[in-house]
Amino acid sequence: MTRGPVGGKAQPMLGLGGAEHASRTPERECLTCADLATTAKVVRLLPDRMALVEVGEGTELVSVALIRPQVGDAILVHAREAIAVVGR
């Protein structure tokens, strides 16, 4: 898929797909919005495809609707949305 022309040429669409982020080093900029994606450890899976995750500053509630994590997995989180499992 491509997005609008930049300098007269169509550019590839770089989204938040798991493969794009999972192959990168944690805490890198998002290719789409330049925000950071960080790694977190799944502490508890909750109802409604949510999870409690451990991050450097404590714990956070994030959506895991896009992935299938297990407790203990390292996941990549962007904008409170888990986008990839990066380690089991």
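A salt bridge is taken here as a side-chain nitrogen of Lys or Arg within 4 Å of a carboxyl oxygen of Asp or Glu. The model is predicted, so local features need pLDDT of at least 70 and side-chain atom pairs count only at pLDDT 80 or more, while totals for chains, interfaces and linings use all residues. Residues are numbered from 1 along each chain as its sequence is written, and side-chain values use heavy atoms, with hydrogens and water left out.

Side chains of opposite charge can pair when their charged atoms come close.

| Salt bridge | Closest N and O atoms |
|---|---|
| E60 and R80 | 3.8 Å |
| R88 and D73 | 3.0 Å |

R88 lies in the segment after β8 and D73 in the loop between β6 and β7, so this pair ties together parts that are 15 residues apart in sequence; strands are DSSP runs of E, at least two residues in length, numbered from the N terminus. With a relative accessible area of 64%, R88 is exposed, whereas D73, at 2%, is buried (buried is under 20% relative accessible area, exposed over 50%, partly exposed in between, with a 1.4 Å probe and protein chains only). E60, at 24%, is partly exposed.

The loop that holds D73 runs between β6 (58-63) and β7 (74-78). The side chain of D73 also reaches the backbone nitrogen of Q70 at 2.7 Å. Leaving aside residues up to four places away in sequence, D73 touches A40, K41, V42, V85, G87 and R88, where contact means heavy atoms within 4.5 Å.

Methods
Helix = DSSP H or I, 4+ residues; strand = E, 2+ residues; numbered from the N terminus. Polar contact = N/O pair within 3.5 Å; in protein donor to acceptor, adjacent residues only side chain to side chain.
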